[in-house]
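Trainee: Please take one part of this chain at a time and go through it closely, beginning with a helix. I would like to see how its residues are placed and what lies around them.

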Amino acid sequence: MHDDGLEVFHVVRPRLFGIAYRMLGSAFEAEDVVQDVWVRWQSTNRGAIQDQPAYLFTSATRLSISVLQSARVRRETYVGTWLPEPVDTGADPRLGAERGEALELAVLMLMERLSPLERAAYILREAFDYSYDQIAALLQVNEDNARQLVSRARKHISEGRRRPVDPAQQRRVLETFVNAARHGDLQGLERLLASDVVSYSDGGGLVRAAQKPIEGRDRVARFISLVTHFWQGVTLSFVDANSQGCVLMSRDGEYVALATVDASENGVDRVMWFMRPSKIARLALPLRRK
C-alpha cells in the first residue's frame with residue numbers, strides 16, 4: 001500500500017497551522033506555510049524519519065521564521081497601522097496547542113517587536129509546552145540560548161501589557177464600550193478608557209481609517225464620540241475571535257468592520273478596529289451562511 005504521508009499530516013495539521021498563525025499573525029500566510037510543508041513532505045523520504053510529527057513541526061516553524069522575515073519588510077510599507085488577522089477560535093480555542101497562549105490580539109501585536117527566534121521560542125514554550133532542549137534542537141541553538149530567548153520574549157510581553165481581565169469581564173467591557181461609542185457618549189467612554197489607551201485602525205489603504213494610532217484617554221474618547229455617523233445603519237454581531245469578545249459590524253448586508261478591546265483593571269488599554277475586508281472575511285463567512 002502506497003504511503004503518501006497524508007494520515008500523519010492530517011493529524012498534525014491543526015498544530016502546524018497554530019504554529020504558523022502565531023508566528024505570522026496572518027491566517028492567509030499560515031495556510032501558505034502549511035501548504036508548503038505538505039508539498040515538501042511529499043518529496044521527503046518519510047521512511048527514514050523516526051519522529052514524523054516532530055519533523056513536520058520543525059518544518060512549519062523554520063518556514064514561518066523565513067516567511068516572517070520577508071513579511072516584516074512588506075509591513076514596513078503597509079498603508080496605515082498593520083494589525084494581526086483575527087481568527088475564529090470557537091471550534092478550536094487553542095488552535096492545535098496544549099494551551100491557548102499567544103493567541104490574543106494584543107499579544108500578537110507585541111510579538112511583532114520580537115526577533116523571529118524570540119517569537120518562535122516563546123510560542124513553542126508558552127503555547128505548545130516544548131521543553132528547552134526541544135526548542136534548542138528545533139531552532140538550532142544551545143539550551144541556554146533557548147532559555148534566554150524565552151525569557152526575553154516573556155519580559156517584553158509582560159512589560160508591554162497589563163494583566164488582562166478575564167474573558168467574561170472583557171466581553172462586558174466591550175458591550176459597554178460599543179454602547180457608549182454608538183451614542184457618542186463622551187463621558188461614558190472616558191469612564192471606560194485607561195489614561196494611556198491607544199486606538200489602532202487597520203484599513204490597509206483600502207477603506208477609510210485613521211492612519212496612525214490615537215493615544216490618550218481624551219483624544220481617543222473625543223475621536224470615537226465624534227464618528228457616530230459610522231454606526232448609522234450598522235447591524236452588530238458579537239463573536240469570539242482569538243479567544244476574546246469582538247463585535248462584527250455589517251451595513252446593507254456587507255461586513256464592514258470588526259472591533260475589540262483589550263482591558264485591564266485600569267480600564268480599556270487598547271481599542272482595535274479591523275476594517276480591511278481581507279482581515280474580517282474569515283470571521284464573516286460563517287455568518288453569511290446562516
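**A covered helix and its counterparts**

Mentor: Helix α5, residues 116-126, is mostly covered, with nine of its 11 residues buried. This is a predicted model, and what follows should be read as such. The buried residues of α5 are Pro116, Glu118, Arg119, Ala120, Ala121, Tyr122, Ile123, Leu124 and Glu126. They pack against five helices: α1 (6-24), α3 (52-76), α4 (105-111), α6 (132-139) and α7 (143-160).

In α8, the buried residues are Gln170, Val173, Leu174, Phe177, Val178, Ala180 and Ala181. These cover an arc of only 165° around the axis, which places them on the same side of α8. An α-helix has 3.6 residues a turn, so residues three or four places apart point the same way. The length of α8 also agrees with expectation, because its 16 residues (167-182), at 1.5 Å a residue, should span 22 Å and the end C-alpha atoms are 22 Å apart. At the N-terminal end, α8 is capped by Asp166, which has a side-chain oxygen 3.1 Å from the backbone nitrogen of Ala168. Just after α8, Gly184 adopts a positive phi of about 60°.

A strand gives another covered element: in β6 (residues 267-274), eight of the eight residues are buried. Strand β1 (residues 193-202) pairs with β6 in the parallel sense over six bridges, and Asp202 has Phe274 of β6 as its bridge partner. Strand β5 (residues 254-264) pairs with β6 in the antiparallel sense over seven bridges. Here Trp273 of β6 stands opposite Ala259, and a hairpin of two residues joins β5 to β6.

Definitions and conventions
Residues numbered from 1 in each chain as written. Predicted model: local features only at pLDDT ≥ 70, side-chain atom pairs only at ≥ 80, totals over all residues. Heavy atoms only, no water. Helix = DSSP H or I, 4+ residues; strand = E, 2+ residues; numbered from the N terminus. Expected span 1.5 Å × (residues − 1). Buried < 20%, exposed > 50% of the residue type's maximum accessible area, 1.4 Å probe, protein only. Arc of directions from axis to C-beta. Polar contact = N/O pair within 3.5 Å; in protein donor to acceptor, adjacent residues only side chain to side chain. Contact = heavy atoms within 4.5 Å. Pairing = 2+ DSSP bridges.
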